[in-house]
Amino acid sequence: MAAEEPAEEPAEELAHAEVTAEEIGSQVALEYGQAMTVRVCKADGETVPVVVVQNASVLELKKALRRHIQLRQARQGGVQHLSWKYIWRTYHLTYAGEKLADDRKKLREYGIRNRDEVSFIKKLRK
């Protein structure tokens, strides 16, 4: 009897082989209602879904956005460096017209809930 060759893995499964433990944890937390997805609308119009815990602060959202973008760049093979210091010096995150100015403040204090959208707005020069 001839030995059968192993079936090739679908490309879909291979693409998910790079999923991090943090991403799995985020999805589990979403399933159990312990996390929420905040859609971040970038200045170029692209919307990025970012998962944070229910009681996350503005700073935690910023860090989660940074991790999301860095992971995506690594997966796309891009080594493009972003200066996050420059980004936060140049842009505000806003929700319903209000600046998310206090990094320590909880997202829910701004009224942000699951699937809500926050936007990058360029800061005005002083």
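So, among contacts in the protein chain between residues at least 6 apart in sequence, what percentage join residues at least 24 apart? It's 54%, where a contact means heavy atoms within 4.5 Å.

Quick housekeeping. This is a predicted model, so local features need pLDDT of at least 70 and side-chain atom pairs count only at pLDDT 80 or more, while totals for chains, interfaces and linings use all residues. Residues are numbered from 1 along each chain as its sequence is written, and side-chain values use heavy atoms, with hydrogens and water left out.

Now the layout. The protein chain has four helices and five strands, and from the N terminus they go α-α-β-β-α-α-β-β-β. Those are DSSP runs numbered from the N terminus: helices are H or I with at least four residues, strands are E with at least two.

The five strands make an open sheet, ordered β2-β1-β5-β3-β4, with mixed pairing. Two strands pair if DSSP finds at least two bridges between them. β2 (47-53) and β4 (98-99) sit at the edges with a single partner strand each, so one side of each has no neighbour in the sheet. Further in, β3 (residues 91-95) and β5 (residues 117-122) run antiparallel, joined by four bridges, and L93 stands opposite F120 in β5.

Helix α3 (residues 58-75) lies across β1 (35-41), β2, β3 and β5, at about 125° to β2. That angle is between N-to-C directions, on a scale from 0 to 180 degrees, with axes fitted to C-alpha atoms, for helices over the stretch in contact.

On to the charges. There are six salt bridges, meaning a side-chain nitrogen of Lys or Arg within 4 Å of a carboxyl oxygen of Asp or Glu. One of them pairs E117 with R39, at 3.3 Å, N to O. E117 is in strand β5 and R39 in strand β1, 78 residues apart.

K42, D44, E46 and R72 are linked in a network of salt bridges.

Is K62 buried or exposed? Buried, at 14% relative accessibility, whereas D103 is partly exposed at 29%. Buried means under 20% relative accessible area, exposed over 50%, partly exposed in between, using a 1.4 Å probe and protein chains only.
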